Amino acid sequence: MAESVRNFYDELAGEYNLMFEDWEASIARQAAALGPILERECGPANLVRILDCACGIGTQTLGLARRGFRVTGADVSPVAIARARLEVSARGLNCGLYVADMRDLSHVPETGFDAVICMDNALPHLFCEEDLAQAAAEVCTKLRTGGVFVASIRDYDRLIEERPVVQGPAFFSDAGRRRIVFQLWDWVDERRYQFHLYITRDTPAGWQTHHGVSTYRAVLRDELAGILERAGFIKVRWLLPAESGFYQPLVLGVAAHKDGR
């Protein structure tokens with residue numbers, strides 16, 4: 001699983017921003033939604049240390065760092081981390097960035113974070129409850145007592161009933177040239193689907209298409225909450241988009257004291 005996910009994001013890293021109509025606007029918009037939640041849970045931005053454990057090329061890392069949070073990023077894809085380092089440097093930010101699988105965060109040297117985040121439906125790349133439990137336990141080791149874990153996933157409680165097969169297409173313009181982005185979801189069984197991402201661009205050399213394939217396992221909200229609670233999180237709760245302003249449902253959990261409080 002880790003190798004296939006890594007390959008998917010290695011190949012996508014150079015074009016990841018093209019999934020968005022305006023990546024810079026999305027960076028700012030997501031940080032505007034997440035920032036107040038993190039400040040409410042952890043305190044003033046300039047005092048809050050965050051680990052973004054599936055940071056990709058930096059969508060949340062960049063936006064939160066701009067808002068004054070002290071952000072460290074990690075991702076399973078070394079190519080995505082290389083791109084994130086370029087993006088951090090281009091913006092004059094200071095973020096440590098490491099290659100690490102969320103199921104083994106030992107390659108991130110720091111610990112005692114006030115918050116760990118895992119956004120953009122990264123957790124459902126883990127195919128079984130054991131992998132999710134391992135990731136939750138690793139996150140817990142990186143948090144201080146009372147630190148908060150915040151993750152976003154698609155609304156699978158609804159999606160497994162609807163079983164959609166296509167998302168998009170969306171048509172964008174880049175300096176007068178068209179760009180088309182769409183997804184196909186090929187359901188393997190009741191919980192797993194192959195995710196086909198297409199980014200097609202009108203370039204000076206003609207139309208060019210990036211096609212990437214990965215697999216997700218639909219994770220239900222109660223299922224994920226139970227995994228987090230068994231991993232040592234308390235006060236596990238969900239914020240839906242209407243309440244949080246974020247585009248996916250968010251789960252929050254607090255790292256308990258060693259005595260379970």
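A residue counts as buried under 20% relative accessible area, as exposed over 50% and as partly exposed in between, with a 1.4 Å probe and protein chains only. Val150 is buried by this rule, with a relative accessible area of 2%. The model is predicted: local features need pLDDT of at least 70 and side-chain atom pairs pLDDT 80 or more, while totals for chains, interfaces and linings use all residues. Residues are numbered from 1 along each chain as its sequence is written, and side-chain values use heavy atoms, without hydrogens and water.

**Overall build**

The protein has 8 helices and 11 strands, which are DSSP runs (H or I of at least four residues for helices, E of at least two for strands) numbered from the N terminus. Its radius of gyration is 18 Å, close to the 18 Å that the globule rule gives for 261 residues, so the protein is as compact as a globular protein of that length. The radius is taken over C-alpha atoms, and the rule is 2.2 Å times the number of residues to the power 0.38. The C-alpha trace spans about 60 × 45 × 35 Å along the principal axes. Of the 261 residues, 56% are buried.

Contact means heavy atoms within 4.5 Å. Among contacts between residues at least 6 apart in sequence, 64% join residues at least 24 apart.

Val150 is found in strand β5 (residues 143–152). Apart from neighbours within four places in sequence, Val150 is in contact with Leu38, Val116, Ile117, Cys118, Met119, Leu250, Val251 and Leu252. The C-alpha atoms of Val150 and Trp238 are separated by 9.6 Å, the two residues being 88 apart along the chain.

Ser214 lies in strand β9 and is buried, with a relative accessible area of 4%. With neighbours within four places again left aside, the contacts of Ser214 are Val5, Phe8, His125, Tyr193, Gln194 and Phe195.

**Aromatic pairs**

Rings of Phe, Tyr and Trp (its six-membered ring) pair if their centres lie within 6.5 Å; planes under 30 degrees apart count as stacked, over 60 as edge-to-face and the rest as tilted. By this rule the count comes to 12 aromatic pairs. Two of them are tabulated here.

| Pair | Type | Centre to centre | Angle between planes |
|---|---|---|---|
| Phe182 and Tyr198 | stacked | 4.8 Å | 10 degrees |
| Phe195 and Tyr216 | edge-to-face | 5.4 Å | 80 degrees |

Phe182 counts as partly exposed, at 22% relative accessibility.

**Helix α7**

Helix α7 (residues 221–230) is mostly covered, with 7 of its 10 residues buried. The buried residues are Arg221, Glu223, Leu224, Ala225, Gly226, Ile227 and Leu228. They pack against α5 (129–142), β5, α6 (156–162), β9, β10 (233–239) and β11 (250–255). Just after α7, Gly232 takes a positive phi of about 110 degrees.
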